[in-house]
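This report concerns the pockets of one protein model and the setting of one of its residues. Please examine the structure shown below before reading on.

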Amino acid sequence: MNAKNRCYDSSNPAFANYGGRGIAMCDEWRRDFAVFLKDMGTCPPKHTLDRWPNNDGNYEPGNCRWATRTQ
């Protein structure tokens, strides 16, 4: 939900760094959390959703991982 809000809610404090610069979430994940969960699995403890390997890319399969804060 936080990633979606950063991309699409212009009142989100982080919007300028995400949606404001063109970062989006693929339609499948945006419409259906079950699809996101199937693709990504559950978030491991102390991890966060990371756009990798392309930090300038979208939230989508092949460009996201669960990462620690230091990663």
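## Exposure of Val35

A residue is called buried under 20% relative accessible area, exposed over 50% and partly exposed in between, using a 1.4 Å probe and protein chains only. Val35 is partly exposed because its relative accessible area is 24%. The model is predicted, with pLDDT of at least 70 required for local features and 80 or more for side-chain atom pairs, while totals for chains, interfaces and linings use all residues. Residues are numbered from 1 along each chain as its sequence is written, and side-chain values use heavy atoms, without hydrogens and water.

Val35 belongs to helix H3. Beyond its neighbours within four places in sequence, Val35 is in contact (heavy atoms within 4.5 Å) with Glu28 and Trp29. The C-alpha atoms of Val35 and Arg65 lie 15 Å apart.

## Largest pocket

A pocket is an open set of points on a 1 Å grid with protein on both sides within 12 Å along at least five of seven lines, and its lining residues have an atom within 4 Å of a point. The largest pocket holds about 360 Å³ of space. Its lining comprises 17 residues, with Met1, Asn2, Ala3, Phe36 and Leu49 closest to the centre.

Helix H1 (2-8) gives the most to this lining, four residues.

## Second largest pocket

The volume of the second largest pocket is about 190 Å³. Residues lining the second largest pocket include Arg6, Tyr18, Leu49 and Tyr59. Strand E1 provides the largest share of this lining, four residues.

Key: 1 Å grid on protein atoms, 1.4 Å probe; cavity = no way out; pocket = protein on both sides within 12 Å on 5 of 7 lines; lining within 4 Å. Points joined across faces, edges and corners; volume = space filled by probe spheres on them. Helix = DSSP H or I, 4+ residues; strand = E, 2+ residues; numbered from the N terminus.
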